[in-house]
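Dear colleague,

Please find the structure below, handed over for your own work.

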Amino acid sequence: MDWLSPVSGLVGALVGAGVSYLATHQAQAKALADARQARLQAKQDQAVTTLAAAFGELHQHVRSVPADYGPGMSDEEAAALTAARKTWDEQLQDHIAPARLAIGVIRDSKVRHRLKEAMNLLEVWDSGLVYAFHGRSRVWVLRGVISHAVDCVGAWQREEPLPEPNGAFTEARESLAIKRDEWEAIAEAEEEERQRRRAQRTSTASPPPSPAE
């Protein structure tokens, strides 16, 4: 039949167009996926570069961590030490800030969590790591925390499991856990005291009950 020829040609053309569209769509999707992967990898590479610089600066900075207040210190010496500690801490936070931004880009959640923990430990050096500092060099503790962060980034780059925390990191982590328990207990005690005083004021302000007739 003569009408079969044009119908067959039309079907063939439609099938060919469909195959061509599908192939084009797949190629475009792959190109987009490749471009996205390239962007993500570039961000990871930039994060590693930023962390390397930040960790190097942190290692250098913690060498000069101020000492604690000592017995027999004069008012002038205490004031000077307070100012030095404040300045040192401000510089520490300046070094931590770019590291935190870079850590937020890292896609591996375990690595990201461990590095955030390391930055948290450094940030609370003055109030949270007092037990880790007891009988130990402050430089040893702080540099140990940074060294563990560096080791974690290296293991991640090599696609290896995260290393176990070193002694300094473990001591700092345990110290902060104890201090957080203490802070929580203090907050609860203060809240109970506020409630007690509030109840006392309410009781004092309330008129006495009328005598029964």
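**Findings**

At 41% relative accessibility, Ile-178 counts as partly exposed. This residue is found in helix α7, which covers residues 167-205. Together with Val-130 and Tyr-131, Ile-178 forms a nonpolar patch on the surface, and the three have about 240 Å² of accessible area together. Please bear in mind throughout that the model is predicted.

Helix α7 also holds Ser-175. In contrast to Ile-178, which is partly exposed, Ser-175 counts as buried, because its relative accessibility is 2% and the cut-off for buried is under 20%. Leaving aside residues up to four places away in sequence, Ser-175 touches Gly-128, Leu-129, Val-130, Tyr-131 and Ala-132. With Tyr-131 there is also a polar contact: a polar atom of the Ser-175 side chain lies 3.2 Å from the backbone nitrogen of Tyr-131.

The loop between α6 (138-157) and α7 contains Glu-159. The phi angle of Glu-159 is near 60 degrees, a positive value in a residue other than glycine. For context, most residues other than glycine have a negative phi. Glu-159 is exposed, because its relative accessible area is 74% and exposed means over 50%.

Helix α3 spans residues 109-123 and has 15 residues. From its first C-alpha to its last, α3 reaches 21 Å, close to the 21 Å expected at 1.5 Å a residue. At the start of α3, a side-chain oxygen of Asp-108 comes to within 3.0 Å of the backbone nitrogen of Lys-110.

As for the protein chain as a whole, seven helices and zero strands are present, and the order of elements from the N terminus is α-α-α-α-α-α-α. The chain has 213 residues, of which 25% count as buried. Its accessible surface comes to about 14100 Å², with 57% of that belonging to carbon and sulfur atoms. Among contacts with a separation of 6 or more, 70% are accounted for by residues 24 or more positions apart.

With kind regards

How values were computed. Residues numbered from 1 in each chain as written. Predicted model: local features only at pLDDT ≥ 70, side-chain atom pairs only at ≥ 80, totals over all residues. Heavy atoms only, no water. Patch = residues over 30% accessible without salt bridge, like charges linked within 9 Å, V, L, I, M, F, W, Y side chains within 5 Å. Areas by Shrake-Rupley, 256 points an atom, 1.4 Å probe, with all protein chains shown as cover. Salt bridge = Lys/Arg side-chain N within 4 Å of Asp/Glu carboxyl O. Helix = DSSP H or I, 4+ residues; strand = E, 2+ residues; numbered from the N terminus. Buried < 20%, exposed > 50% of the residue type's maximum accessible area, 1.4 Å probe, protein only. Expected span 1.5 Å × (residues − 1). Polar contact = N/O pair within 3.5 Å; in protein donor to acceptor, adjacent residues only side chain to side chain. Contact = heavy atoms within 4.5 Å.
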